[in-house]
Amino acid sequence: MSAEPRPADFRRASTAALADGPLRANFRRAMDGLMAKRAARFADPVEWRDLRALGAAIRARTLARLPEHLVRLEARCRENGISVRWAETTEEANAIVLEILRRHGATRVVKGKSMVSEEMHLNDFLERHGIESLESDLGEYIIQLDGETPSHIIMPAIHKNRGQIAKLFGRKIRDAVYTEDVDALTAIARRVLRRKFFEADAGISGVNFAVAETGTLCLVENEGNGRMSTHVPPVHIALMGVEKVVPRLEDVPPLYSLLTRSATAQPITTYFNMIGGPRGPGEKDGPREVHLVILDNGRSRMHADRALQATLRCIRCGACMNHCPVYTRIGGHAYEAVYPGPIGQLVTPQTEGVDRRADLLEASSLCGACGEVCPVGIPIPELIVRLRTEAAAPGGASAVLGRGGARHRVESLAWRVWSTVLSRPRLYRAAALAATRLGRLVPAGFPPLSAWTRFRSAPRPARRSLHELADDERIPDA
Amino acid sequence: MPDGARERILARLESGASTEPAGEPDFAVMARRAVRPEERYASLRRAMEAVHAEFLEANGDDWPGRVRAFAEAEGIRSIAYGPGTDAAGRLESVLRGSAVRLVPYDRPIEEMKRTLFDDVDAGFTTTRGGIADTGGLILWPTPEEPRLLSLVPPVHLALLDVARIHGSLWQAMRDEGWAGRMPPNALLVSGPSKTADIEQTLAYGVHGPKRLVVIAVVPRA
């Protein structure tokens, strides 16, 4: 395990983020732009409705028969000359990668963007074993230089502005002339990374879609670093979660279209790379070996629950975070998790335990924006509520890790009082009378009310209840 | 070798929830997107020019002359290419004796790496066709035309027969039956390499080619 200095503390991290003016400006600007561009790219509501229904159906049907598709994928990949390994945990996945690299005496690795590798903390792991693992996606390269983790799953360095990046390059890259010109900064990274591609002993990438029918690994990208990482070095290792499989090649175009338009509002990316095996007979290039590592890391637990299984439909477009009022204000790092934003609020508590990360489940106003823009129709707000319920459950069996662990005595008591009062008319009237006549006397500055009144004015109950006013108007009870 | 992790993962997934959702996925929305044949070239070109691809138009067989004129005008002094194809033969005959040097990619990458990375100004490839609705070229690299020709040199020259532009990716896959014949590497390329990782600002030429030049072969008028 990588060293974790202290347990995640969402309240502290989000409070700090809210006080960071430049950070908030960087996110606000980026999210506003992304939302507007995405909306324009899905301008036809009928097409959006039908394409999204298709994407959701493909993903849901895939998950319904996941083992069968995975077994087929494995068989087809092996026929194509791709070796396939399975890992239950990130530790196992790291060990597999290390073993492959050691077998080839590899000391220099270039990496394309992969969220699964972030789950594995693969760079740290390889560095500890004496292997240089260099991120080659420009955004990932920037944050790796600064010792950070991604703050967004598509645009990992979105929290930084050009001035911050210019200073970073000046500090960390030899011979880098200080410039805030984006083209010039990009050219500096190109110069450094082309050498690294040239020298690398192995390349590591993620997988966007793995096609069971053909044994094809699909990679979506704009920079060309993915193709460089997977095709220049003699060994390619691809990492995927068990959910990344799709049954048929025909399933790819609709998902690809939903992905690029939802993520960056592009009709298509610069490159769509379909890898069907290592260097074939007579071929002059391409890796001599291609390895696929299939990782579980808590996914089979999500799969076990009929409703929560929808979490695994995710195609990692990031639209939910781009549209989230909470994410936009606090940025990705405050979640202290691999996956930030609404999808992270589903993934992280299910992986680490709803007891340990219950605070993340509260970081939602349930405004519904994430569910509305999800291109594969994951009912994110409903699932957040479901996980809140699991976290506060009084007991009983469930597939959810840490169920009931965030149950709070005062909160449970409050709800019990609430339901008792509401189910007894006489008690309810007495309570309403007390609230309207005496409510103003309750001191607002003490817990638990202070949690609300610290930042907001205290609600002032009306002098007479709605019931009483309705009675005055002789409005009959329903 | 028995793989314990594999068996355990599959067993957990087997025992998981597996309610088959009702109804087959409906692909009608994909069929609706198709661009009519006579509009395909214009649609592809519009979409690709929007992401900075450049176009040279040639009538029928005179495309190697366009490549030569372009290379001379742009100061491209060397072009890597894959010998052995029909197109390569034509390119050779037109560029022979010109100021533009043709560099054959005829040995394994281990022997060609430095040349490709540092010593050529451009790479030339044919294409299998194009995609009209989103823009994009279809490339299936072959032993004659290796995978890195379209990636490593700073300029990618791509020959496109406009008669081979499909309405959409979905249609191309279906019409040509890709599922039964996927090669070791197939790819779509829609423009020069680009990034928006710094402040959402587009910058071209980050790792792959800085320029994508499509030589579009249109039928003789």
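Colleague: In this predicted model, which residue in β7(B) does Thr125(B) stand opposite?
Modeller: The two strands concerned, β4(B) and β7 of chain B, the latter covering residues 155-161, run parallel and are joined by 4 bridges. Within that pairing, the residue in β7(B) that stands opposite Thr125(B) is Ala158(B).

Colleague: And which residue in β4(B) is the bridge partner of Ala80(B)?
Modeller: Strand β2 of chain B, residues 78-81, also runs parallel to β4(B), with 2 bridges joining them. In β4(B), the bridge partner of Ala80(B) is Gly123(B).

Colleague: How many of the 5 residues of strand β4 of chain B are buried?
Modeller: Strand β4 of chain B spans residues 122-126, and β2(B) and β7(B) are both joined to it by bridges. The strand is mostly covered, and the number of its residues that are buried is 4.

Colleague: Turning to the two chains, what area is buried between chain A and chain B?
Modeller: The contact involves 99 residues of chain A and 79 residues of chain B. In chain A, the residues that lose the most area to chain B are Arg61(A), Arg190(A) and Lys284(A), which together make up 10% of what that side buries. Carbon and sulfur atoms give 58% of the total buried between the chains, which is about 7,800 Å².

Colleague: How far apart are the closest N and O atoms in the salt bridge of Arg147(B) with Glu283(A)?
Modeller: Between chain A and chain B the count is 13 salt bridges, and 48 residue pairs across the interface are in polar contact, both residues being at pLDDT 80 or more. For the salt bridge that Arg147(B) forms with Glu283(A), the closest N and O atoms are apart by 3.0 Å.

Colleague: Which side chain of chain A is joined to that of His207(B) by a polar contact of 3.1 Å?
Modeller: A polar atom of the His207(B) side chain lies 2.8 Å from the backbone oxygen of Ser136(A), so that this pair falls within the 3.5 Å limit for a polar contact. The contact of 3.1 Å, by comparison, is between side chains, and the partner of His207(B) there is Glu223(A).

Notes: Residues numbered from 1 in each chain as written. Chains lettered and ligands numbered in written order. Predicted model: local features only at pLDDT ≥ 70, side-chain atom pairs only at ≥ 80, totals over all residues. Heavy atoms only, no water. Buried < 20%, exposed > 50% of the residue type's maximum accessible area, 1.4 Å probe, protein only. Pairing = 2+ DSSP bridges. Contact = heavy atoms within 4.5 Å. Buried area = accessible area lost by both parts, 1.4 Å probe. Salt bridge = Lys/Arg side-chain N within 4 Å of Asp/Glu carboxyl O. Polar contact = N/O pair within 3.5 Å; in protein donor to acceptor, adjacent residues only side chain to side chain.
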